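Have the model open beside you, and follow the topics one at a time.

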Amino acid sequence: MNEELKKKIEEEITQFPICEYAFIRPEEIPFSERVRYICETECPRYGTSWACPPAVGTLEECRRRCLAFEDGFIFTTVSEGADLENMDAMLAMRTDHEKITRRIVKMFREECREVQAFSTESCAICEHCAYPDAPCRHPGYMLPSVEGYGILVTELAEKHGMSFLNGSDVVTWFSLILYTAKENMR
Ligand code: SF4
């Protein structure tokens, strides 16, 4: 792990309203065919977005892409007073997490040579995704979902002592950022 970059990120991350974070190694990310199976059989977004399977590639391709990065950063935000039955309210809460994620990704892009970020659920930038008829309209902005890559994010979080059950009316949102340091920081 690049300790100089880690220190810089730890200084900058204090400006963001996140709950917990951890630095991880890409090699420790758990991938699961089971997560991919749930995407395929239970998620209505499967096969409808460039951010989801099968467009993101096979599990092995996703794993290889992740392993190409040097380091990783996982963080959570929480939404309190969540009404799980109220989809509009849940969507607004998720949007808040996505906005924070984009600000943090921007910070990583300024500090690192390469960055790949993943966020919650499927990409919702466009009202109708261009998949499969045309290329993604915002490839540099779109964030694939952690689940779509087959990543067992709760297992990864648990390994680093992060809590994902924070109360019956609390939703915990996860994002994962993989990054490689700039040449001058090696
Ligand atoms: S940015 Fe638009 S076209 Fe690209 S994955 Fe997201 S919704 Fe689809």
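V56 sits in the loop that runs between α2 (33–42) and α3 (59–67). This is a predicted model, so please read every value below as computed from it. Is V56 buried or exposed? V56 counts as buried because its relative accessible area is 6%, under the 20% cut-off.

**The loop between α2 and α3**

- V56 and C19 are 37 residues apart in sequence, and their C-alpha atoms lie 29 Å apart in space.
- P54 is also found in the loop between α2 and α3.
- The peptide bond that joins P53 and P54 is cis, with omega at about 0 degrees.

**A cis bond in another loop**

- Y131 and P132 are likewise joined by a cis peptide bond, and omega is about 0 degrees there.
- P132 belongs to the loop between β3 (112–118) and α5 (153–159).

**Cysteines and disulfides**

- How many disulfides does the structure hold? The number is 0.
- C62 is in no disulfide either, and the nearest cysteine sulfur, that of C66, lies 6.8 Å from its own.
- C52 is buried, and its relative accessible area is 5%.
- C62 is buried too, with a relative accessible area of 0%.
- Helix α3 is where C62 lies.
- C62 and G148 are 86 residues apart along the chain, while 9.2 Å separates their C-alpha atoms.

**Around the ligand**

- Which residues are around the ligand? They are S49, W50, C123, I125, C126, C129, A130, C136, R137, H138 and M142.
- By class, this shell has 8 nonpolar residues, 2 polar ones and 1 charged one.
- The ligand takes up the space of the largest cavity.

**The cavity**

- The model has 1 cavity of 30 Å³ or more.
- The largest cavity holds about 120 Å³ of space.
- There are 15 residues lining the largest cavity, and C123, I125, C126, C129 and C136 are the closest to its centre.
- The lining of the largest cavity comprises 10 nonpolar, 3 polar and 2 charged residues.

- What is the volume of the second largest pocket? Its volume is about 220 Å³.
- Of the 14 residues that line the second largest pocket, R94, T95, E98, R102 and A124 come closest to its centre.
- The lining of the second largest pocket is made up of 5 nonpolar, 4 polar and 5 charged residues.

Conventions: Residues are numbered from 1 along each chain as its sequence is written. This is a predicted model: local features need pLDDT of at least 70, side-chain atom pairs count only at pLDDT 80 or more; totals for chains, interfaces and linings use all residues. Side-chain values use heavy atoms; hydrogens and water are left out. A disulfide is a pair of cysteine sulfur atoms within 2.5 Å. Buried means under 20% relative accessible area, exposed over 50%, partly exposed in between (1.4 Å probe, protein chains only). A residue is near a molecule or strand if one of its heavy atoms lies within 4 Å of it. On a 1 Å grid over the protein atoms alone, a cavity is a set of points where a 1.4 Å probe fits but cannot get out, and a pocket is an open set with protein on both sides within 12 Å along at least five of seven lines; lining residues have an atom within 4 Å of a point. A molecule sits in a cavity or pocket if more than half of its atoms lie within 2 Å of its grid points. Ala, Val, Leu, Ile, Met, Phe, Trp, Tyr, Cys and Pro count as nonpolar, Asp, Glu, Lys and Arg as charged, and the others, Gly among them, as polar. Grid points are joined across faces, edges and corners, and a volume is the space filled by probe spheres set on the points. Helices (H or I, at least four residues) and strands (E, at least two) are DSSP runs, numbered from the N terminus.
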